[in-house]
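User: I'm new to this one. Can you walk me through it?
Analyst: Here it is.

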Amino acid sequence: MATFHVGEKTHQSVLPQRAALEFESADTPRIGDETGLEHRARAVTGVEHVRGETTDASPGIDGVTPNREVGEQAREGHPVVFVLDKHGLPLQPTTPARARKLLKQGRAVVARHTPFVIRLKDRTSDQSKVDGVELGIDPGSKHTGLAVFTAKDGERRGLYAVELAHRGGRIRDKLTARAAYRRGRRSRNLRYRAPRFSNRTRPKGWLAPSLRHRVDTTMSWTTRLARWAPVRAVHIERAAFDTHAMSHGGPLERAEYQHGTLHGTEAREYLLAKWGRACAYCGATGVPLNIDHIHPKSLGGSDRISNLCTACIPCNEKKSNHPVEDFLRKSPRRLARILAQAKAPLRDAAAVNATRWALWHALDATFPTVRTASGGRTKWNRQRTGTPKTHTLDALCVGELDTVTRTPAHVLAVTAAGRGSYARTCPDKYGFPRLRLPRQKQFFGYQTGDLARAIVPTGKKTGTHTGRIAVRSNGNFNIKSAHGLIQGIHHKHFRLLQRGDGYAYTARREGPTGTR
């Protein structure tokens, strides 16, 4: 088994604070007769212990044997707490109640705030029984689901769930803007710059930055989870989408795979016949017609024939680069007709197809055991076990299994937010510098992206606010919490919970979603 070491430092000052991402279920009663230390430990774990609920993650600590009696239906349970030994090696995850007891007894310290990880001070991996856990991955274009579970005799018990939101769309937009700036500089009367676009080569297997980002962030979180939990095997859904059949609208046979959308015709004649030789927006006939993008290319629209339509010159100029929903806001019937006639984009399916092999090769080079399964198998497992449709639950149902006896009640939603920019200026919409940024990124011990808590005693902002902060050189910081953005809080009211690591965290209750 590969060994992963923890790079995060232990912060003793985190222990007395409440959790940054605290959630309380409406049907979970508070315990009113708890002591002060029990309350602080309960707040650090961020969850409430339900009486009688146990997991099979506890035998690694003091030999506590959990209750193995479960019902026929999969039940929901609170996320577990990751445990490290005194050398930073992962042990079997434990329950929040057990973690609070270890913190109360002084046998453990907080190693990380979100996700919550504790480190034992008197135990090593050789002294504990470590059965190991497994990791399921459901890769997607915009979101990727990760599920940590235990598997025994075909029975899976979900322990922890992470939904990772990628920022490939923002990367694509920034690269497009950078290309526009560079094209503008080449045409201006500036100093001579030799062309550099004709001498660049791309190695085999090269991926665009927006696609490489999906692979890198997924690998980053799989290795992180392997540092906090003893991952023995990884199960990944290696889905393959037939984009030709998807664009055709039905199954294809024999030579039909060789016939594209424009088989036997050309683009302009195809569009004229498709839209009845009339303007798609106003229905005008007998006038010169242009080819227009239904979803503007400047906003991410493609050049596929399904995204093109015929438009008269006045409508084409008036629509410009506005979304068709805004342009035809006062004509809902015509908008519905155009959207029904245009086909759905295949960008998300193409992104998954392009990254599936790169992700599999990266996982295979990192973990000793990697098992793949098809998307059809995942769907069959989900329907057979009665599991709702979500990214994290799909990750729990990847591969071979018989039953799912436990699902995490809450999901840690992780968004790739980046680590800031190296630019000294912020350009306006024309590309000219608008303001100059300071050379340093840290002020008064804080940096933009840090997870902190602000306790404001008086004033309009009175209360406790927890979230990611944006620092200012004048000492008045902004904080973005679950309730919105709050500006202008003095740095003396802040307490650091966790250094920024390029991700934003939100704890939410699991619910069915259809975003891929």
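This is a predicted model: local features need pLDDT of at least 70, side-chain atom pairs count only at pLDDT 80 or more; totals for chains, interfaces and linings use all residues.

Analyst: Residues are numbered from 1 along each chain as its sequence is written, and side-chain values use heavy atoms, with hydrogens and water left out.

User: At what angle do α4 and α10 cross?
Analyst: Roughly 35 degrees, and the axes of α4 (residues 209-228) and α10 (residues 347-366) come within 9 Å. Axes are lines fitted to C-alpha atoms, for helices over the stretch in contact, with angles from 0 to 180 degrees between N-to-C directions. Helices (H or I, at least four residues) and strands (E, at least two) are DSSP runs, numbered from the N terminus.

User: Which residues in α4 and α10 meet?
Analyst: Among them are Leu211, Val215 and Met219 in α4, and Ala351, Leu359 and Leu363 in α10. Contact means heavy atoms within 4.5 Å. The residues of this contact divide into 9 nonpolar, 5 polar and 1 charged. Ala, Val, Leu, Ile, Met, Phe, Trp, Tyr, Cys and Pro count as nonpolar, Asp, Glu, Lys and Arg as charged, and the others, Gly among them, as polar.

User: New topic. In what order do the 3 strands of the open sheet come?
Analyst: The order is β2-β4-β3, with mixed pairing. Strands pair if DSSP finds at least two bridges between them. β2 (82-84) and β3 (108-112) are at the edges with a single partner strand each, so one side of each has no neighbour in the sheet.

User: How many bridges join β2 to β4?
Analyst: 3, and the two strands run parallel. Phe82 stands opposite Val117 in β4.

User: Where does α4 lie?
Analyst: α4 lies across β2, β3 and β4, at about 60 degrees to β2.

User: Why is the pair of Phe82 and Trp228 called tilted?
Analyst: Their ring centres are 6.2 Å apart and their planes are at 35 degrees, so the pair is tilted. Rings of Phe, Tyr and Trp (its six-membered ring) pair if their centres lie within 6.5 Å; planes under 30 degrees apart count as stacked, over 60 as edge-to-face and the rest as tilted. Phe82 is in strand β2 and Trp228 in helix α4, 146 residues apart.

User: Is Phe82 buried or exposed?
Analyst: Buried, with a relative accessible area of 0%. Trp228 is buried at 1%. Buried means under 20% relative accessible area, exposed over 50%, partly exposed in between (1.4 Å probe, protein chains only).
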